[in-house]
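Let's take a friendly walk through this model, going from strand to sheet to helix. Please keep the sequence and the structure open as you read.

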Amino acid sequence: MTPNDTARVRPGLPKKDRVPVRSGMSAAFVNTMQLGVVDYRYKGRLAVKCPMDLAIYAELLQDLRPRAIMEFGTYEGGSAIWLADQVAAFGLGAKVYSFDIRPPADLSYPGVEFRFCDTARISDSIDDAFMRALPRPLLMIEDASHVYGNVLNTMEFFHAHAVPGDYLIVEDGMISIAEAEDLHGYEGGPFQAIHTFLKEHPGFYEIDRARCDRFGPNVTWNPDGYIRRIA
Ligand SMILES: C[S@@+](CC[C@H](N)C(=O)[O-])C[C@H]1O[C@@H](n2cnc3c(N)ncnc32)[C@H](O)[C@@H]1O
């Protein structure tokens with residue numbers, strides 16, 4: 001899987017400005033485990049999640065009890081249908097909206113709406129009225145191109161619409177642990193985007209350390225990527 005060649009929203013982060021990632025996982029471990037992660041299936045569809053994050057998500061869903069879930073990056077839809085099944089299992093009553101630049105043409109599933117959206121131009125596809133009408137808390141998941149500028153764009157969209165208590169997961173910052181921040185043109189990727197965003201919005205967010213460190217320090221595909229809005 002490679003990132004989409006969509007327009008960059010902001011330029012990549014120069015190497016000299018990058019934040020070091022600390023994790024209990026080595027680059028070698030991440031690179032090996034990733035071979036299994038990219039091949040994991042749920043109900044026959046690729047669901048590109050590592051087992052630690054499937055467990056962390058399940059606990060988060062039970063604790064947060066989101067009333068709406070927005071996922072950017074559908075791929076085959078395995079993660080969206082897994083989310084919908086978790087929502088049903090925990091009785092959350094939340095709808096899952098899964099957005100992609102290439103939404104799956106052949107898939108419909110109870111509790112999920114698959115829609116088009118390009119994370120470089122989110123407001124072209126999702127308007128203010130839609131965001132205002134969502135029941136809260138909202139769980140938003142950024143799992144699209146993984147390009148630094150695009151990830152920041154999704155985070156800025158969240159910032160414009162989120163209220164305290166809403167929650168953001170930024171996926172796949174582990175490429176920084178895997179020393180792959182520039183592989184496929186990620187230009188720093190999600191982990192650097194998280195730290196730029198937090199620097200630019202002081203006081204609004206906190207990294208949910210308990211989730212990130214649930215199985216050891218940043219032993220997750222989403223290092224520093226479990227983020228709650230607090231103001
Ligand atoms: C990592 S996959 C998503 C994996 C999925 N969430 C899962 O866990 O199985 C990334 C997806 O992002 C989509 N994508 C890439 N660039 C995008 C963009 N600019 N806007 C929206 N979606 C994009 C790709 O088409 C691909 O389906």
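Strands β7 and β9 (residues 226–229) run antiparallel and are joined by 3 bridges; within this pairing, L168 stands opposite I227 of β9. Strands here are DSSP runs of E with at least two residues, helices are runs of H or I with at least four residues, and both are numbered from the N terminus. Two strands count as paired if DSSP finds at least two bridges between them. The model is a predicted one, in which local features need pLDDT of at least 70 and side-chain atom pairs count only at pLDDT 80 or more, while totals for chains, interfaces and linings use all residues. Residues are numbered from 1 along each chain as its sequence is written, and side-chain values use heavy atoms, with hydrogens and water left out.

β7 also pairs with strand β6 (residues 138–142), this time in the parallel sense and over 4 bridges. Here Y167 of β7 is the bridge partner of L139. What covers the faces of β7 (residues 167–170)? Buried residues are found on both: Y167 and I169 on one side, L168 and V170 on the other. Buried means under 20% relative accessible area, with exposed over 50% and partly exposed in between (1.4 Å probe, protein chains only).

Now look at the whole sheet. It is open and has 7 strands in the order β5-β4-β3-β6-β7-β9-β8, with mixed pairing. β5 (112–116) and β8 (205–207) stand at the edges with a single partner strand each, so one side of each has no neighbour in the sheet. On average, neighbouring strands of this sheet are turned by 20° against each other, direction ignored.

α5 lies across β3 (68–72), β6, β7, β8 and β9, at about 170° to β6. Such angles run from 0 to 180 degrees between N-to-C directions, and axes are lines fitted to C-alpha atoms, for helices over the stretch in contact.

Another partner of α5 is helix α7 (residues 189–200): their axes come within 8 Å and cross at roughly 40°. Residues of α5 including V151, L152 and M155 meet a set in α7 that includes A193, I194 and F197, where contact means heavy atoms within 4.5 Å.
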